[in-house]
Amino acid sequence: MLRTWLCATAFLLAVIGPARAQSPDTAGVRYDPQIQLHGATLQLNGAGERYKAIFKVYAAGLYLTQKAATPEAVFRAAGPRRMHIVMLREIDANELGKLFTRGIEQNASREDFVKSIPGTIRLGEIFAAKKKLAAGESFQVDWIPGTGTQILVNGQPMGEPIKEPEFYNALLKIWLGAHPADAALKEALLGKARPSASAHEG
């Protein structure tokens, strides 16, 4: 009887254990190692938390068709891409939209920022309409080749895709640009070991 129980336990550990190990848990948010988007299989490139002072604001995960260890490789990545953000605390959505707009402006060249203005305005409108994002709510920013940037809030598409191709990389530079929102999150999204909380910027 004991031998049968031990064999059954070993079997369950063999089946369940690896599945848990393959689903990274970031601040209680589980990111699947692979997802399907527009007919393509995307891999989780990295995931981490955005800190403001000592507080966790949101978890973020970046999905690509192939792993990328540098911002340049991410910006050049072919196929669909996804940035998936889950709120860890309630935040004013309009204020978050303004911070994103500032992040785009700080990291884009003047030429790219001008090309990204229609998408940036649309992003601000979406957050202004939402008013607030509660803990547990999410939004995704998908790049679909030939279609554009699709923004989803809690899984629901927010209007038509933003067609300007420069906008998606300009948005990604909020986290991966020369002046990222959180330096430690940038490293995490690139698949590098997450530094201690003291390494996070305000």
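Student: Which residues have the most contacts inside the largest nonpolar core?

Tutor: This is a predicted model, in which local features need pLDDT of at least 70 and side-chain atom pairs count only at pLDDT 80 or more, while totals for chains, interfaces and linings use all residues. Residues are numbered from 1 along each chain as its sequence is written, and side-chain values use heavy atoms, with hydrogens and water left out. A nonpolar core is a set of buried (under 20% relative accessible area, 1.4 Å probe, protein chains only) Ala, Val, Leu, Ile, Met, Phe, Trp, Tyr and Cys residues joined through side-chain atoms within 4.5 Å. The largest one has 40 residues, and those with the most contacts inside it are Y58, M83, F139 and W175.

Student: Which helix gives the largest share of this core?

Tutor: Helices here are DSSP runs of H or I with at least four residues, and strands are runs of E with at least two, numbered from the N terminus. Eight residues of the core, its largest share, come from residues 165-176, which form helix 5.

Student: Why is strand 6 described as largely enclosed by the rest of the structure?

Tutor: R81, M83, I85 and M87 point one way from the strand, whereas R82, H84 and V86 point the other way. Strand 6 (residues 81-87) is largely enclosed because the buried residues number seven of the seven.

Student: Which residue of strand 9 is the bridge partner of R81?

Tutor: Two strands pair if DSSP finds at least two bridges between them, and strand 6 pairs with strand 9 (residues 138-144) in the antiparallel sense over six bridges. Within strand 9, the partner of R81 is W143.

Key
Buried < 20%, exposed > 50% of the residue type's maximum accessible area, 1.4 Å probe, protein only.
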